[in-house]
Amino acid sequence: MTEPRVKVATCSLAGCFGCHMSFLDMDEAIVPLIQRIEFDRSPLTDIKQIGRCDIGLVEGGLCNTENREVLHQFRAHCNILVAVGACAINGGVPAMRNHYPLAECLAESYLNGVNVVNPQIPRDAELPPLLEQVIPIGQEVRVDYFLPGCPPPAAAFMEIVSAVLEQREPQLEYQQRRFD
Amino acid sequence: MTEKRSFTLDQQEIPFQPGDSILQAAQRAGVYVPHLCFHPDFSANGSCRLCVVSIAGKTVAACHYPARSGLQVTMNNSRLQQQRLRLLQLLFAEGNHFCPSCEVSGSCQLQALAYDLGMTHYHYDPFYPQRPRDGSHPDFFIDTDRCIFCDLCGRAGTEQDHKPVYRLGGRGEQTRLLIYSASGKLGDSRAAADDKAAHVCPVGCILPREGHYRDPIGERVYDASPIHWVGNRRRDQHAAPAADSAGDPSHD
């Protein structure tokens, strides 16, 4: 008899997908793991709508309104929500723009930047408006666990998923607690 | 016959010399007490409060509390560790500590204490304060985003270099690292490459311009071993001072 599989959803908000790459960095360890988990919405499956899930792994902070919408969907559909990586936890490198007003950042990129041709600030209905500041996901919704690191090591992903499978609290060893 | 001078720190007997603080005596005995703003060469400041210990139910800073015979000092219990964790999280939240882009990541004492205390997140919403940077000096770059207001640079300047260069100004949330020069820039100050004040920063605020990213990940000061084993050490300190190393590995 096969055990019920744990449903896992993942997404990258204001992140670089580096955390997703690190998840895959567990190499062959993913083979036995994949027998016990099933991916729902994730860039790994290309499923666009999230269903009921056991674990939501959220990479990246919030930099625009779409990030905020996706995060609330994840919180509503996932029993356990995990902030994955420096950006989800404290805004990370994208939050370095918080030093400057949003209008100044846009002007630097699209109006006054070096080699800018036909200067204009992009405005399109399909582009989600940027938030004034990049914020960590814990500032918007309740977060159950945090995996620090840029990115968190593959072993940390393994530990959080294994802990849920085994119905115990995750324990991150010294080597798995990285901020860089 | 002279009376034996000692107190107990988590049941371990610690001898002390007249004038010692709890922290000084513990360091001399090779017992690691968590700290950021203390340095054995300079007067105690007491600003980081990470050296909190409990004496007769009272929480005090070990760097300021005078050692006395017969004291029973508690350093590692879950309540004090939780207080240290929250203090660290406040330090992270009130600055701009972007470890992935920091030159001293892996060899940073603030980060190392966070690793050691099992910190995974800030707990508090980040302040994202606006703080200036200063690239006016040929040997050093100042990134006050990372300053934790320990005043080690200020004390080293006053007590060893005998020239004022670095000072803390303002109060509370508005506290800032100030440079003593007409323009407020380091380039116009009396700062020199071999100043002790420039080589005592426990984080990445006063940065030498050269020598970064040479240690591969895995070989940086705190990559393999926690700070309570390694002691408070900077990357440019090849051997840790004896009193500040060889902590007791049982304190986790």
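Me: What does "buried" mean for a residue here?

Reply: A residue is buried when its relative accessible area is under 20%, exposed when over 50%, and partly exposed in between, using a 1.4 Å probe and protein chains only. Bear in mind that this is a predicted model, where local features need pLDDT of at least 70, side-chain atom pairs count only at pLDDT 80 or more, and totals for chains, interfaces and linings use all residues. Residues are numbered from 1 along each chain as its sequence is written, chains are lettered from A and ligands numbered from 1 in the order in which they are written, and side-chain values use heavy atoms, with hydrogens and water left out.

Me: OK, why is Cys150(B) called buried?

Reply: Its relative accessible area is 8%, and the cut-off is under 20%, so Cys150(B) counts as buried.

Me: And what makes Cys105(A) buried?

Reply: The value for Cys105(A) is 19%. The limit is under 20%, so Cys105(A) is buried too.

Me: How do you know that Cys150(B) is in no disulfide?

Reply: A disulfide is a pair of cysteine sulfur atoms within 2.5 Å. By that rule the count over all chains is zero. For Cys150(B), the nearest cysteine sulfur belongs to Cys153(B) and is 6.2 Å away. For Cys105(A), the nearest one is that of Cys63(A), 11 Å away.

Me: Why is Asp27(A) called partly exposed?

Reply: Asp27(A) has 47% relative accessibility, so it counts as partly exposed. You'll find it in the loop between helix H1 (18-24) and helix H2 (30-34) of chain A. Helices here are DSSP runs of H or I with at least four residues, strands are runs of E with at least two, and both are numbered from the N terminus. Asp27(A) also has a positive phi, near 50 degrees, though it isn't a glycine.

Me: What makes Tyr213(B) exposed?

Reply: Its relative accessible area is 61%, and exposed means over 50%, so Tyr213(B) is exposed. Tyr213(B) lies in the loop between strand S10 (206-208) and helix H5 (227-230) of chain B, with a positive phi of about 60 degrees.

Me: How do you know that chain B and chain A are in contact?

Reply: Contact means heavy atoms within 4.5 Å, and 31 residues from chain B and 26 residues from chain A take part. Helix H3 (residues 109-116) gives the most to chain B's side, with four residues.

Me: Why is H3(B) called mostly covered?

Reply: Eight of its eight residues are buried, among them Leu110(B), Leu113(B) and Tyr115(B). What covers the buried residues includes helix H2 (78-94) and H5 of chain B. Just after H3(B), Gly118(B) takes a positive phi of about 75 degrees.
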